[in-house]
Amino acid sequence: MAPGSAGAPQGWTGQVTERTLADGRPILYFDDARRAGPVHEAVDQRPLDGLPRAGEVRYDVLTGEWVTIAGHRMNRTFLPAAADCPLDPTRDPAHPSEVPDSDYDVVVFANQFPSFAPVAVESGVEAPPFGPADGPAYGHCDVVVFSSDHEASVVDLPAQRMRTVVEAWAQRTAAHSADPRIAQVFVFENRGQEIGVTLTHPHGQIYAYPFLPPRAGQLVEQARRHREATGGHLLADVLRAEQAAGRRVVLAGEHWTAYVPRAARWPVEVHLAPHRDVPDLAALDDAEKAELAVVYQELLRRVDRFHPGVDRVPYIAGWHQAPTGADRELGRLHLQLFSLLRAPGKLKYLAGSESGMGAWINDTTPERIADRLREVAS
Ligand SMILES: [Zn+2]
C-alpha cells in the first residue's frame, strides 16, 4: 500500500446495471462510479432471432477428455473493419453494435457465437459405441469489454477502470459458480492476432464449462496426490517454495506474488498467486482486489517489454480457479500469463512433440525468463 493511503476505503465504488439484448441474452454494465438516476436505458433494436444455441460435447475415449463440437462458430465475426466493431458502443442507432448504449465503462454480455450456452442443439448423429454419452454443450460464454475505446489496451487502462474489470471478473465468477450444472469458471484474455484473436477491441472472455477441463482435472489430481503424500495444499506449497527460493520470483506485493514456474513451458510465462488460500476471484477481499488491479497491469507491462523492439507482445492470461463442486478444496486461485513469442517475429509453434504428444520442450530456462521479467520492471 502506498504511504498515506492506509485506512482509505478500498472497496469498489461502482455500480452494475443489468439489461437484456434483443435476442434475450443478458448484458451487464459495470460503471466505475455510481450515477444518479436511470442509466443504460438504450434498447437493442436489432431484429435478432432467439437465444444463440450451442453444440454438443463428445467424450474422447482415447484420452478421457471432453471435446466441444461447435460447428456453428465457423460463421462468427472475423477481424471486422474498425467501423463495424461489434464491441464498440452504439453511437449511431442506424449502425447498431452488440452494446445498445452510446457509452460504457466495462460491459459484459453473453457471446453471440458461444462455445457453451444454456440452450443446445441436438446433433442427430449415432450414439457412441461405448463410454459416456454425448451431452449438450451447456454452459455460459461471456464477453468482457474493458473499454469503449477501440484502440485501448489493458495496460493503459486507468487504475479505477482496472479495478472495475477485476470486479466484473469476480461477480461473474460468483454468478456462474452458482449454476449447479457448471463445473469450472475460466476467466481469460487472448491478445494478438498471433493467438487467434478475431476482434482487436480490448476484451476478455469467461467460459463456464459443464465439465472439468483437462488442465483443471490434472491440477486436482496432482493436488490430491500431494495431500495424500504430505498433508499439504499443492498450490500453497508451490507458492511458499518459490517465495523461499526467490530465484524465480519477479514481483512481491502485500497480497500477491508473481513467479516463473519451475517447469515453465512457454518462452515467456509467469504465474501470479494470492498469499491467502482463496478458491477463486469471487473470494478475494477488497484489499486483494485493489492490489491485483495494480500488479496485473504491471505484469502485462513487463511482458510487453520482454522482447526489445516489440511493442505489443501477444499473450494469453488465464485464471485457474477451484472447481465449483467436487474437489473444490483442492483448487486455489492463480493466474497463468504466457506468450508464444520467443523472439521478435518468431513464434513458438506447438509442433509434433507438443501437439502430437503433449510433451513440452522450452527453448529457454525459467530462470532466464525470471531475470528478464525483473529487468523490465517499472
Ligand atoms: Zn471496437
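Modeller: Let's start at the metal. The four donor atoms of the zinc ion make angles of 92 to 119° with one another, and the site is tetrahedral. Keep in mind that this is a predicted model.

Colleague: How do I read those angles?

Modeller: Begin with the ideal: four tetrahedral donors have angles of 109.5 degrees at the metal. Here, the angles run from 92 to 119°. Four donors count as tetrahedral if all angles lie between 85 and 135 degrees, so the site of the zinc ion is called tetrahedral.

Colleague: Which residues coordinate the zinc ion?

Modeller: They are Cys 85 through SG, Asp 88 through OD, and His 150 and His 201, each through ND1. The distances are 1.9 to 2.3 Å. Along the chain, the donors follow the spacing C-x2-D-x61-H-x50-H.

Colleague: Are Cys 85 and His 201 buried or exposed?

Modeller: Both Cys 85 and His 201 are buried.

Colleague: Now the sheet, please. What is the order of its strands?

Modeller: First the general idea: strands of a sheet pair through backbone hydrogen bonds, either parallel or antiparallel. In this structure, eleven strands form an open sheet with antiparallel pairing, in the order E1-E2-E5-E7-E9-E8-E13-E14-E12-E11-E10. Strand E1 (15-20) and strand E10 (249-252) are at the edges; each has a single partner strand, so one side of each has no neighbour in the sheet. From one strand to the next, the twist averages 20°.

Colleague: How many bridges join strand E13 to strand E14?

Modeller: Five bridges join E13 (residues 315-320) and E14 (residues 334-339), and the two run antiparallel. As one example, His 320 has His 334 in E14 as its bridge partner.

Colleague: And how do I read a phi value?

Modeller: His 40 is not a glycine, yet its phi is positive, about 50°. His 40 lies in the loop between strand E2 (26-31) and strand E3 (56-60). Asp 327, in the loop between E13 and E14, also has a positive phi, near 65°.

Colleague: Why does His 40 count as buried?

Modeller: Buried means under 20% relative accessible area, and His 40 counts as buried because its relative accessibility is 4%. Asp 327, at 22%, counts as partly exposed.

Conventions: Residues are numbered from 1 along each chain as its sequence is written. This is a predicted model: local features need pLDDT of at least 70, side-chain atom pairs count only at pLDDT 80 or more; totals for chains, interfaces and linings use all residues. Side-chain values use heavy atoms; hydrogens and water are left out. Donors are N, O and S atoms within 2.8 Å of the metal (3.2 Å for Na, K and Ca); water is not among the atoms, so sites may look incomplete. Four donors count as tetrahedral if all angles lie between 85 and 135 degrees; four count as square planar and six as octahedral if opposite donors are over 155 degrees apart and all others between 65 and 115; anything else is irregular. Buried means under 20% relative accessible area, exposed over 50%, partly exposed in between (1.4 Å probe, protein chains only). Two strands pair if DSSP finds at least two bridges between them. Helices (H or I, at least four residues) and strands (E, at least two) are DSSP runs, numbered from the N terminus. Axes are lines fitted to C-alpha atoms, for helices over the stretch in contact, and angles run from 0 to 180 degrees between N-to-C directions.
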